[in-house]
Amino acid sequence: MITSLWHLKDKGLVQRSVTLLNIKLIRFRCFFWSCSFASLYFKTVKHLEPFRLSLEKLKVVSTRLRKDMIRGLGKHTHHRAAVKMLPTFVRATPDGTEKGDFLALDLGGTNFRVLHVRVMEEEQKMVKMDSQLCAIPQEIMLGTGEQLFDHIAACLSEFLDSQNLKGQTLPMGFTFSFPCEQKEIDKSILIRWTKGFNCSGVEGEDVVKLLKEAIHRRGDYDISSVAMVNDTVGTMMSCGYRDQTCEIGMIIGTGTNACYMEEMKNVKRVEGEDGQMCINTEWGGFGDDGSLEDILTEFDKVVDRTSINPGVHTFEKMISGMYLGEIVRLVLMKLTEKKLLFKGEVSEALRTKETFETKFISMIEDGLENAKKILTELGLTWDLVDARVVRLVCETISSRSARLCAAALATIVDRIRVNRGLPHLKTTVGVDGTVYKKHPKMQPSMHFLTPDCKIKFLVSEDGSGKGAAMVTAVAQRLALQSRLLEESDGEEDEEEKVRS
């Protein structure tokens, strides 16, 4: 018994000794790992320094954008402006009195949507009653304009049948996501096809007119009016119905853009001094004139040079989802070549353009387990230090995107404040796009850039669908108000005639 007890005691001592030894080994490894990471961290930070923009630099960027916006609004300076500031002919945001049934047509790719939207004034809500997705075959995408619009009109007819709406003549919002020059709210000239479309006889023509002609050729239904809608404007309007302080729309997704309500007296390319008009900034082109050259990194320049549209959409290429993943990939390649990552060994996947998807950035920022999985999928041999360095790279690139976007948005918000001569402004920004939703780092930057403004962000619900319907609803409300004003204007004259 005594021998057994001593045996157990000796065994316990050995186990405690082993445990102490393991703790010392773990501490040594942690110390060694910490030293390794610290060394790599400082070397990596040096390569990432060009992406770190100070508050002072962001204010400089904001000042440059403000000057470009003024240039874009000018009658004689617009043609040379990098930021085009396009009039949308949307002259008001929702006031809550909109009501009725509306159609929405959303065309921007190989599929298009048709929607039936009901706006209910009493309940203050906008309901998508139903929708239908229609494919556009390749032969139609490359055929004639008549074939394309006949196909759209046929799908619209089928949808109206399914909703028992053929007997009604409803107004429609038309989101047409191709480069256009808008002449009126119901007149928009296609500048050029993109996204794989090349239908003949459409460029240089009014797409609303072509759609109406296709509907009239069928003769089995009609629409009362059409309002052309940019998807960014739709974002603002869909949020504006829920929050009537919303007068800015912003998208940060595959691409980026913003719109806002500008004073008519500043819109020099459109007649009239009274009221407001929504301006589609097309801020993705900011920097196309070289004004952002001092903050472009070597990686931004490679992304631009190897893109399908070199020299244009400079700002968009620095902040939007189509390009962020590729920027990260180029940085990781550079760090690997400098033997700061993956023991200097590059996988074939990492070497291949656009294999590092933008969605990987937010996934890696969410946790190291995601980083490990993604690095393995990319065929890389990694350790924990590598995973942490990659996360640092992702955080740096996404933070720059958020800060640049915040600087641009601050420019618009402050312009609205100054336009109205207000010491302080409280406003809401309607926002959409996966990059914003996955990287909510913008809001903290806004306070430092716009201390005189209080900004709330509201995520859009279907800007290209419900938003398009709301643009039509507001246009209809304004038209009705205009008719009522015209009737009341003649009332006094008529009364005078009666008296005499």
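Residues count as buried under 20% relative accessible area, as exposed over 50%, and as partly exposed in between. The model described here is predicted.

Lys195 falls into the middle class. Its relative accessibility is 46%, so Lys195 is partly exposed. Lys195 sits in the loop between strand 7 (187-190) and helix 5 (207-218). The backbone of Lys195 has a phi near 60°, a positive value in a residue other than glycine. Most residues other than glycine have a negative phi. The side chain of Lys195 lies over the face of Phe178, at 5.3 Å from the ring centre.

Asn164 also has a positive phi, of about 55°, although Asn164 is not a glycine. This residue belongs to the loop between helix 4 (145-162) and strand 5 (170-176). Its relative accessibility is 68%, and 68% is over 50%, so Asn164 counts as exposed.

Phe178 leads on to the aromatic residues. One aromatic cluster is formed by Phe174, Phe176, Phe178, Trp193 and Phe197. A pair of aromatic rings is described by the distance of the centres and the angle of the planes. The count comes to 11 aromatic pairs. Among them is the pair of Trp193 and Phe197, which is stacked, with 5.4 Å centre to centre and 20° between the planes. Trp193 has a relative accessible area of 8%, so Trp193 is buried. Phe197 is buried too, with a relative accessible area of 4%.

The pair of Trp283 and Phe315 has another geometry. The ring centres are 5.9 Å apart and the planes stand at 80°, so this pair is edge-to-face. The cut-off for that class is an angle over 60 degrees. Trp283 lies in the loop between strand 11 (276-280) and helix 7 (298-305), while Phe315 lies in helix 8 (residues 314-319). The two residues are 32 residues apart, and the pair links distant parts of the chain. Both Trp283 and Phe315 are buried.

Strands of a sheet pair through backbone hydrogen bonds, either parallel or antiparallel. Here, 6 strands form an open sheet in the order 1-11-10-9-12-13, and the pairing is mixed. The edge strands are strand 1 and strand 13 (453-459), each of which pairs on one side only. Strand 1 (residues 86-87) is joined to strand 11 by 2 bridges, and these strands run antiparallel. Strand 10 (residues 256-263) is joined to strand 11 by 5 bridges, and the run is again antiparallel. Ile279 in strand 11 stands opposite Pro87. Ile279 also stands opposite Tyr260. Another bridge partner in strand 11 is Met277, which faces Glu262.

The cysteines were examined next. A disulfide is a covalent bond between the sulfur atoms of two cysteines. The structure holds 0 disulfides. Cys259 is in no disulfide, and the nearest cysteine sulfur, that of Cys278, is 3.8 Å away. Cys259 is buried, with a relative accessible area of 0%. Cys180 is also buried, with a relative accessible area of 15%.

Helix 2 (residues 55-73) has 19 residues. From its first C-alpha to its last, helix 2 reaches 27 Å, close to the 27 Å expected at 1.5 Å a residue. The buried residues of helix 2 are Leu58, Val61, Ser62, Leu65, Asp68, Met69, Gly72 and Leu73. Seen down the axis of helix 2, these buried residues fall within an arc of 130°, so they line one face of the helix. An α-helix has 3.6 residues a turn, so residues three or four places apart point the same way.

Met129 lies in strand 4 (residues 125-135). Its relative accessible area is 37%, so Met129 is partly exposed. Met129 and Val117 are 12 residues apart in sequence. In space, the two are 5.5 Å apart, C-alpha to C-alpha.

Definitions and conventions:
Residues are numbered from 1 along each chain as its sequence is written. This is a predicted model: local features need pLDDT of at least 70, side-chain atom pairs count only at pLDDT 80 or more; totals for chains, interfaces and linings use all residues. Side-chain values use heavy atoms; hydrogens and water are left out. Rings of Phe, Tyr and Trp (its six-membered ring) pair if their centres lie within 6.5 Å; planes under 30 degrees apart count as stacked, over 60 as edge-to-face and the rest as tilted. Buried means under 20% relative accessible area, exposed over 50%, partly exposed in between (1.4 Å probe, protein chains only). Helices (H or I, at least four residues) and strands (E, at least two) are DSSP runs, numbered from the N terminus. A charge sits over a ring if NZ of Lys or CZ of Arg is within 6 Å of the ring centre and within 35 degrees of the ring normal. The expected span of a helix is 1.5 Å times one less than its number of residues. The arc is that of the directions from the helix axis to the C-beta atoms. A disulfide is a pair of cysteine sulfur atoms within 2.5 Å. Two strands pair if DSSP finds at least two bridges between them.
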